[in-house]
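Me: Take a close look at the aromatic side chains in this model. Where do they sit, and how do they pack?

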Amino acid sequence: MGVSDSPPAPADASTGPVPGESGGGNGGETVRIGGSTTQGGVIISNSDQNDAKVEAVKSSSQDNAGQEGGDHVCSSPQQPVSQLDYPLAPEGPLAVSKCRHCAGRFEYSLDGLTYTVMIGIPAAKSGYNAISYVWGDVQTYRFACGTCGRETQAPFASVAKLHDLLRLGGGVAGFGGAVRGGGGDSATKGTPTPVWLDSLSIHQADDADKARCMAAMGRIYDNAMKVCVLLPAEDVAAFVVLFRLTVAAETVLTYLPAFSQNEDIEVRGKQLSEYCKDYWRLTSEIEDKLGGWSYWSRAWTFQEWTLASDIDVGLEGAFGSRESYVAIASDMPQIDRVPSVKLKAWMAGSGLAKYKLAEGQYAAVSQGFPAAEAATRFEAVKKLFPYADYMLTPDEIDPDEKQFAAAFSAIAASQGKLDLLLGLTNRLGADDDDRKFQRRLRVALNSYAASRRHARFEADLVCCWASMLNIAYDYRKEDSVATALGKVVAKLREKGIKVYNFQPPVAAGTGDTLVDVTFFDYAHEHWQCNVFDRSNFPGAPVFTGIADMVAHLRVAFQQLQQQQQAPPPLQIQGGNPAPLHRVPGASILSVTRLDKFTWETFSLTLSNTVVGVADGFRWHDVLAETWKVVAATPKEVLARLAIVVAKLPIGTTRASYPNYAYAWAVCSAAVCEASASALAVARDDITGTLAVTARQSRNQPATVVIGYLLLTCQQSGCHLFETGADGHVHMELGMREVTGMKIAMVGGRDVARSQVLEAFVPLEPFHVS
């Protein structure tokens, strides 16, 4: 799909343009000629005004001088007018033999072949390729139908780019389509494959059609045989790296028997081990550089890449020429596409990870890292080349079984359980719609966060992934990120999906909705700051309630340092105040500005809020790792933040609460200082988590959330302190090497030796004005 920055709105909302790099507007298709026929270069029309028009078409040999791809440009003596939000292209109308009105498709001649562009929402299994690309600076091009005579307007950057898109999507080799040149496994000299190309496939003049297509965008790209990605010319480095990665992946897949025989063989002058190391080195390079490449910086491209069953990658201007990439890759053959990038990368990565886990130190084919890193390495592959339907969510994985598989991977391999360790499933089609939705939601957001995205309209930073999941909500292109996010998060919660807040919610544009605008910082898996291999926590914090301590503080540095006053009262969609329940008997032990800490006072202040043991081998001390970040942060930033430590009464029943647990929150220092005498602990009933609250000014005496309380575990990260509506706490801590341990609380200290915190916290309602 071409990347713009706004999808169309539903019929009851203000309408945005079809996605395009420069944004968009109400597209136009004008009926120039009704019931027409074409005879000898003359278009004959029957007018509704009973006036027959005869428009001479200039000789195409004259008009097409310098045009690529054949006789497409027609011209008219009338001065045409663009009905799109883009300037009119200087070229005359491009000829199509059929269009949406007379045939339900477009047919376009190029290179002596006929390319078919499908319209609307294609049926499942209808045999088409979907095209993904960055629009760039587009112009309005006119397409004149040689059958019915109607003229359609659509935005493209140039005729040359249109031809690149058709050649790539149609699967026809412009020069040589294979990874090593010469034909290829996804390019053919035969009939082009039908394509879905947004600029033409979506009816630009029909807002209802735009809304229908956008609501079904996930289905359109999911049902395509493959997605064909045309990288912009400036992404030539990405094209080269993907080519080299695919060479390595294809080599691994071609010589799979060598892995079965555990034999490092020579392939084209290199050992198989070297191709494996190339694969992982290039995967890391892509992960590191992704944010600097144009295609991956746009809001809309990620869903097309994520949903694709497979991907062919082409480079703008590279069809039939090496000039665009020879300067940085003189050894590359002349190719027009890199075929099956996604599928080959996924299959090679999963195969290599399983081989390393199964053979361990006895693997003859070296990959350059120990078996303990195999699952972590494969996580990068899952993020870069995701297949949501084959990826398990954390709640689908039994942690005890996963821990056993990690400790005894060779036994797990013999039992066929390595998929569990890698978070994979082969139960395709066996899950219900809710399970598939949750998988895709988590995969979509994790992949979305792989690089920073940009869009013309802020609302599209939310809509681009919400539409992928077919989430129906009131899209408005004028919405801020906070407003759009508030709408979509409300829909997720309506579906029964728990979405946690980690930072104090703020007003969502209109003022009647509050939302945690740091959602995206917690919507992807965090790497764990205090483990030796920097592995990720399983699952995104917004869905698990567990974050990395360093990552959490860094987000707070960015979000809270400018907050000088308390936010408005916590509210839900529609403007009704959300209920808060206070925790009687809870107390605020300390409020300390971050710039006032030394290492000694920092570790002492937070010591009661940290449980578990840092063994110095697998886990380093999380407070020591966090202090490194605090110490490196400018004092003026630290001065705006405060660490609040709370003491929480807990008991084994709701009858009495003789013991205590300790938790911490990071808050705005200015808000804490202004509300020092009115700080308290309450339960946010929307998320079910305990929070530090403050009273607002006398003019607006409402209680607001200023920070969420966390309990930190050396092994398993920072856990939001969540309770049920009855105050019940069930918190699984540690890595579960030993199971079945229950808490025996004595002043909170025994929590550090337990695996499960099972307790109750007292709750009682209080008025929120």
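Reply: A residue counts as buried when its relative accessible area is under 20%. By that cut-off, 56% of the 769 residues in the protein chain are buried. Keep in mind that this is a predicted model.

Start with the core. The largest nonpolar core has 150 residues. Another core, of 32 residues, lies apart from it and includes Trp 135.

Now the rings. The structure holds 23 aromatic pairs. One of them joins Phe 143 and Phe 156, with centres 6.0 Å apart and planes at 65°. Planes over 60 degrees apart count as edge-to-face, so this pair is edge-to-face. Phe 143 belongs to strand β9 (residues 139-145) and Phe 156 to strand β10 (residues 151-156), so the pair ties together parts 13 residues apart in sequence. Both phenylalanines are buried.

Phe 602 and Trp 627 make a tilted pair, 5.2 Å centre to centre with 45° between the planes. Phe 602 is in helix α22 (residues 599-606) and Trp 627 in helix α23 (residues 622-631), so this pair links parts 25 residues apart in sequence. Phe 602 and Trp 627 are buried.

The charged end of Arg 442 sits over Phe 543, 4.5 Å from the ring centre. The charged end of Lys 647 sits over Tyr 660, 4.2 Å from the ring centre.

Conventions:
Residues numbered from 1 in each chain as written. Predicted model: local features only at pLDDT ≥ 70, side-chain atom pairs only at ≥ 80, totals over all residues. Heavy atoms only, no water. Buried < 20%, exposed > 50% of the residue type's maximum accessible area, 1.4 Å probe, protein only. Core = buried A, V, L, I, M, F, W, Y, C linked by side-chain atoms within 4.5 Å. Phe/Tyr/Trp six-rings, centres within 6.5 Å; stacked < 30°, edge-to-face > 60°. Helix = DSSP H or I, 4+ residues; strand = E, 2+ residues; numbered from the N terminus. Lys NZ or Arg CZ within 6 Å of the ring centre and 35° of its normal.
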